[in-house]
Amino acid sequence: MADAAATCGIGAVRFTWIGSVVSDPAVGAGANPPLRECEDAALVRACLDGRTEAFDVIVERHSRAVYRLCYRFVGRHEDATDLSQDVFLRAYRGLRRFRGDSSLATWLYRIGVNVCLNKLSIRTPMLTALDETAALPARGEDAAGAVLREERARQVRAAVARLPRKQRATLILRVYQDLTHKQIAGVLQTSENAVKANFFHALGSLKRALAKQDLR
Amino acid sequence: MRHLRPEDVVDVLDGCARDLLVRHAESCDACRAVVDDARRAAVLAATDEIPEPSPLFWTQLSARVDDAVRRAPAPESERWWSGLSWSWEVVPVGSVVVLLALVGLTEWQNRRQLQSPAAGAAAVPLGGQSEPWPALPADDEPWTLVSQVMADVAADEMSAADLPATVGSADRALESLSEGERAELARLLKAEMDDPGVSP
């Protein structure tokens, strides 16, 4: 972490190139690499030093993962966008609480899961609320196949939406965000074995919910 | 060997289970069925893809967040208690702090009472402006009565009797009484004054 800060010039000389790096990476490149090349921990430190443009890089770097996480929870583009903004805003305001014990991504996921679960707890749980996407045929797939695939996807989403909170969060982080069990344990602040057990039970619940489909 | 536990099944799915568990999963019909079901559920879940927003969306999202961040206050500073972690040691320490606060408050109240008009009279010379007079109604009978009685009492006589008094102290004392108490006081004063042995 200290190395990253040093290589990115976040220290005594930081104020010599404020505002110039993100907009024009070439400026100041001789002395300090641009913020985009900094590691997350160095960006956090820069941000805490008052360089809000460092947070822009954090957003740019993690917005896809955060948005997809939110979308998996709420299933609607507009809601996922609002929640993503909320996640980053909370992260910004609480940036001093990020101590680097886990990666910034893990920390953002943690905030994201909490924000999404809070959102879901104050509104009717999503059952079939995912955006109605047109069932476009994939390459080599006929229209009927596309409709069938979309129908199956809708049923899977509805089944995931009915899962208990922890099982749902675990399944989303494991299957859709591709996190390891250890990373999920960090996000949900629980043990790795508890994550595995939750994942197992989530799959069991999914199987039962879809019992009349392929798993029969 | 016992059947697989949930975490064992997940390890088998992930391909990171110990050989012993893998062999059991292959040889035990019940466990193999559980692993197969879990695998199929995971595969089915993974086939669900979400629509990808347009490439422009990410720029818009960044701009939105950037705008919100610029309007937001700077990152919160760390609270002095943020370094404390909850533990049972906090309970006795907290109790002592609360106890000390209560003792301090009680002491402060006692001091205030000692400095109240009746007790602080010795410190304030008669006729001094210690506190504004209470606003009692002019038609209040007990107040009128007490005022008349006090007007007839000579200050030096009170001092000689070691009775502390300041300007308005009787009125302030009267003010602290309820209406019923004041009526009773008036009745007692009248009865006392009507007593032939007391009247001049």
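Colleague: What counts as a contact between two residues here?
Modeller: Two residues are in contact if their C-beta atoms, placed from the backbone, lie within 7 Å. This is a predicted model, in which local features need pLDDT of at least 70 and side-chain atom pairs count only at pLDDT 80 or more, while totals for chains, interfaces and linings use all residues. Residues are numbered from 1 along each chain as its sequence is written, and chains are lettered from A and ligands numbered from 1 in the order in which they are written.

Colleague: And what share of the contacts in chain A joins residues 24 or more positions apart?
Modeller: Among contacts in chain A with a separation of 6 or more, 61% are between residues 24 or more positions apart.

Colleague: How many helices and strands does chain A have?
Modeller: Chain A has nine helices and zero strands, where helices (H or I, at least four residues) and strands (E, at least two) are DSSP runs numbered from the N terminus.

Colleague: Which residues touch the most other members of the largest nonpolar core?
Modeller: In that core of 75 residues they are A:L43, A:C70, B:V9, B:A38 and B:A45, and helix α3 (residues 53-74) of chain A gives the most to the core, with 12 residues. Such a core is a set of buried Ala, Val, Leu, Ile, Met, Phe, Trp, Tyr and Cys residues joined through C-beta atoms within 7 Å. Leaving aside residues up to four places away in sequence, A:L43 touches A:L35, A:C38, A:A54, A:V57 and A:I58.

Colleague: Switching to the interface, how many residues of chain B are in contact with chain A?
Modeller: On the chain B side there are 31 residues, in contact with 43 residues of chain A. Helices α1 (6-14), α3 (29-46) and α4 (55-71) of chain B each supply at least two residues of that side, and α4(B) gives the most, with nine. By class, the side has 19 nonpolar, three polar and nine charged residues, with Ala, Val, Leu, Ile, Met, Phe, Trp, Tyr, Cys and Pro taken as nonpolar, Asp, Glu, Lys and Arg as charged, and the others, Gly among them, as polar.

Colleague: How do α3(A) and α4(B) cross?
Modeller: Their axes come within 10 Å and cross at roughly 125 degrees, so α3(A) and α4(B) are oblique to each other. The crossing is right-handed. Residues A:F55, A:D56, A:V59, A:E60, A:S63, A:R64 and A:Y67 of α3(A) meet B:W58, B:L61, B:S62, B:V65, B:D66 and B:V69 of α4(B).

Colleague: What about α9(A) and α1(B)?
Modeller: Helix α9 (residues 192-209) of chain A packs against α1(B) at an angle of about 80 degrees, with the axes 8 Å apart, and the two are therefore roughly perpendicular. On the α9(A) side the contact is made by A:N193, A:K196, A:A197, A:F199, A:F200 and A:H201, and on the α1(B) side by B:P6, B:E7, B:V9 and B:V10.

Colleague: Last topic: where is A:D178, with its positive phi?
Modeller: A:D178 lies in the loop between α7 (165-176) and α8 (181-188) of chain A, and its phi is near 60 degrees. This residue is exposed, with 10 other C-beta atoms within 10 Å.

Colleague: And is A:Q189 buried or exposed?
Modeller: A:Q189 is exposed, with 8 C-beta neighbours inside 10 Å; it sits in the loop between α8 and α9 of chain A and has a positive phi of about 50 degrees although it is not a glycine.

Terms used:
A residue is buried if 20 or more other C-beta atoms lie within 10 Å of its own, exposed if 12 or fewer, and partly exposed in between; C-beta atoms are placed from the backbone. Axes are lines fitted to C-alpha atoms, for helices over the stretch in contact, and angles run from 0 to 180 degrees between N-to-C directions. Angles under 35 degrees count as roughly parallel, over 145 as roughly antiparallel, 65 to 115 as roughly perpendicular and the rest as oblique. A crossing is left-handed if the near helix is turned anticlockwise from the far one by less than a right angle, and right-handed if clockwise.
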